[in-house]
Each structure stands twice: as C-alpha cells, then as structure tokens.
Amino acid sequence: MNLRKLAAALTVPALALALAACGGGDEGGTSPSGAKLVKADTLTICTHLPYKPFEFNEGGEVVGFDIDVLKIAADAEKLETEIVNIGWETIVSGEALNSGKCDVAAGAMTITEERENVMDFTEPYFEATQALMVKKGAGYAALDDLAGKTVAVQEATTGADYVKENAPKDTKIITLEDSALMMQAVKSGKADAGVNDNGLLYDFVKANTDMEITSEFQTGEAYGFTVKKGGNDKLLEALNKGINDKAAYDKVYKKWFGEVAAQ
C-alpha cells in the first residue's frame with residue numbers, strides 16, 4: 001500500500017475481527033521471549049482490508065500472505081492471532097500502535113523514511129514494484145499512452161504519487177479510497193487504467209481474465225511490518241526471526257504466489 005501521505009485529524013473506528021481468539025482477556029501480557037502484548041497469549045495485528053492476496057476476508061476469516069508470514073513468528077512464540085481492521089492512515093501515522101490497538105501493523109506496507117520516523121520496521125519481507133493494469137486489448141502499453149485518458153489510483157499510495165509525477169499532464173487521475181474500488185473502476189470502464197502494487201494487480205488479473213498488466217515501474221520498494229516506535233524490541237526480534245525462517249517463509253510464499261521467492 002505504499003507511501004501514504006498522512007491525513008490530519010483523521011479518525012476511523014476500529015473493527016475487530018477475532019480470529020482463533022484465545023488468551024487471557026485484555027489486560028495485556030508478554031510472549032515467551034519477552035515481547036510486549038496488548039492481549040495476553042495473542043499477537044494482535046492491525047491491517048486495512050482488503051488487499052488481496054496480502055490480507056483479505058475469505059469465508060469470515062482474514063487470510064493472506066502477510067497474515068501467514070506473521071503467523072510464523074506467532075507460532076514460534078506460542079501465540080494465537082487476532083486481526084483488527086482499521087483505517088490505513090491510522091496505521092501509517094503510528095497511531096494504531098501508539099494507542100495500543102495492536103502489537104504489529106501489516107498491509108503490504110512500503111518501508112519509507114517518513115514511516116520510520118513514527119514506527120519501528122522489521123527487516124524487509126517482500127520486494128515490490130508498481131504495475132499498470134488495463135482492459136485486455138486496450139492498447140495502453142505504458143503510462144505515456146494515457147494522455148487525455150483516466151487513470152485510477154488508491155489514495156495515499158506510492159502508486160498514486162508515481163502517476164502524479166510521471167503521467168502526461170493532461171491525464172485525468174481519479175483517487176479512490178481502497179484498492180478494490182480502484183481495480184473495479186478499471187474493470188467497469190470508469191477508468192482507462194489503474195496503477196498499484198504488482199502483487200495486488202497480478203492477483204486481480206488472475207481472477208479477471210478480461211484484464212491485463214502491460215508494464216511495471218521499478219520503484220525500489222520493499223515491504224515491512226511495524227511495531228511501536230522504541231517500544232517493543234523483543235517483538236521486533238521475534239518478527240525478524242520469523243521472516244528469516246527460510247523453510248517456513250518459502251512455504252508461505254509458494255502458497256500465495258505459486259513459486260519460491262527469488263533469492
């Protein structure tokens with residue numbers, strides 16, 4: 001979900017989706033390795049839905065690549081997981097972590113200097129680029145082909161920033177609240193093209209054969225998970241250990257992307 005410019009005074013109510021909830025209530029606790037927890041025996045994860053295949057609701061359960069990577073650490077720490085679906089700006093501002101709504105934030109979140117100022121990031125766990133999605137056969141091979149056309153982007157993302165900086169000056173840019181709306185705008189013909197993270201768009205195209213990816217933009221992005229700034233070094237260590245568990249990580253990566261991650 002990339003580089004999101006922070007919106008001032010934005011308040012979004014949290015919707016907690018309990019997944020395999022357990023634990024000893026809401027008095028907090030610590031993991032076996034000493035990581036601080038907002039709920040005993042549970043790793044509480046803040047995210048913003050949907051962002052398939054990284055996190056989305058399927059059959060009443062939140063699933064996805066991000067969730068499974070975090071479960072590597074949760075399982076090692078003998079913790080259950082619980083998901084809190086919350087506004088994206090509340091996540092990237094650090095407020096979700098600072099206010100104790102969750103232990104870790106996830107959401108295909110690009111590591112940026114702006115975000116590092118308000119949150120502590122794990123090591124990168126996924127490399128990403130931006131991609132251009134259009135109707136199959138539309139003939140838009142690159143962003144430059146969209147002069148005078150309409151491009152849909154998701155608000156507060158690096159994809160949105162890339163389009164604003166690189167699209168022809170007469171391109172009409174429509175900004176939508178979430179990725180699902182952005183992709184549907186292209187599918188429905190409301191927009192001629194859309195730009196967002198490649199993993200997200202390739203998953204959409206796989207399920208919507210009338211759509212295609214015609215180009216990618218190398219933006220040097222890497223995703224990380226976050227914990228409270230200066231507030232949970234033990235949890236950060238546990239999450240990094242999970243990311244670096246190659247056998248477990250490769251199994252999760254293959255599950256969601258059909259192949260082992262490039263080395």
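**Note on the predicted model**

1. Proline 53 lies in the loop between β4 and β5. The peptide bond that joins lysine 52 to proline 53 is cis, with omega about 10°. A cis peptide bond also leads from leucine 49 to proline 50, where omega is near -5°. Proline 50, too, is found in the loop between β4 and β5.

2. Lysine 52 lies over the face of phenylalanine 56, at 5.2 Å from the ring centre. Leucine 49 is 38 residues from glycine 87 in sequence, and the C-alpha atoms of the two are 8.8 Å apart in space. Glycine 87 itself is found in the loop between β7 and α2 (88-92). Glycine 87 counts as buried because its relative accessibility is 6%, which is below the 20% limit.

3. The whole structure contains 19 of them. In one, the ring centres of phenylalanine 54 and tyrosine 223 are 5.5 Å apart and the planes stand at 80°, so the pair is edge-to-face. Phenylalanine 54 belongs to the loop between β4 (42-47) and β5 (56-58), whereas tyrosine 223 belongs to strand β14 (residues 211-223); the pair therefore ties together parts that are 169 residues apart in sequence. Phenylalanine 54 and tyrosine 223 are both buried.

4. Tyrosine 223 also pairs with tyrosine 125: their ring centres are 6.2 Å apart and their planes are at 50°, so this pair is tilted. Tyrosine 125 lies in the loop between β9 (119-121) and β10 (126-135) and tyrosine 223 in strand β14, so the pair ties together parts that are 98 residues apart in sequence. Tyrosine 125 is buried, with a relative accessible area of 4%. For tyrosine 223, likewise buried, the relative accessible area is 0%.

5. Which residues form one aromatic cluster? The members are Tyr51, Phe54, Phe65, Tyr125, Phe126, Tyr223, Phe225, Tyr249, Tyr253 and Phe257.

6. Of its 5 residues, 5 are buried, so β11 is largely enclosed by the rest of the structure. In a regular strand, side chains alternate between the two faces of the sheet. In β11, Thr150, Ala152 and Gln154 point one way and Val151 and Val153 the other way, and all are buried.

7. The pairing of β11 is also defined. It runs in the parallel sense with strand β12 (residues 172-176), over 5 bridges. Within this arrangement, threonine 150 stands opposite lysine 172 in β12.

8. Alanine 156 has a positive phi, near 60°, and is found in the loop between β11 (150-154) and α5 (158-166). Lysine 78, which is not a glycine, has a positive phi of about 60° and lies in the loop between α1 (65-76) and β7 (80-85).

9. Is each of these two residues buried or exposed? Alanine 156 is buried: its relative accessible area is 18%, and the limit for a buried residue is 20%. Lysine 78 is exposed because its relative accessible area is 68%, above the 50% limit for exposed residues.

10. For the protein as a whole, there are 9 helices and 15 strands. Of its 263 residues, 54% count as buried. The protein exposes about 11,600 Å², of which carbon and sulfur atoms supply 50%. Among contacts between residues at least 6 apart in sequence, 71% join residues at least 24 apart.

11. A final point concerns confidence. The mean pLDDT of the protein is 88, and 88% of its residues reach 70 or more. Over residues 2-25, however, pLDDT stays under 50. For this segment the model has 80 contacts beyond four places in sequence.

Note on methods: Residues numbered from 1 in each chain as written. Heavy atoms only, no water. Helix = DSSP H or I, 4+ residues; strand = E, 2+ residues; numbered from the N terminus. Buried < 20%, exposed > 50% of the residue type's maximum accessible area, 1.4 Å probe, protein only. Contact = heavy atoms within 4.5 Å. Areas by Shrake-Rupley, 256 points an atom, 1.4 Å probe, with all protein chains shown as cover. Phe/Tyr/Trp six-rings, centres within 6.5 Å; stacked < 30°, edge-to-face > 60°. Lys NZ or Arg CZ within 6 Å of the ring centre and 35° of its normal. pLDDT = per-residue confidence, 0-100. Pairing = 2+ DSSP bridges.
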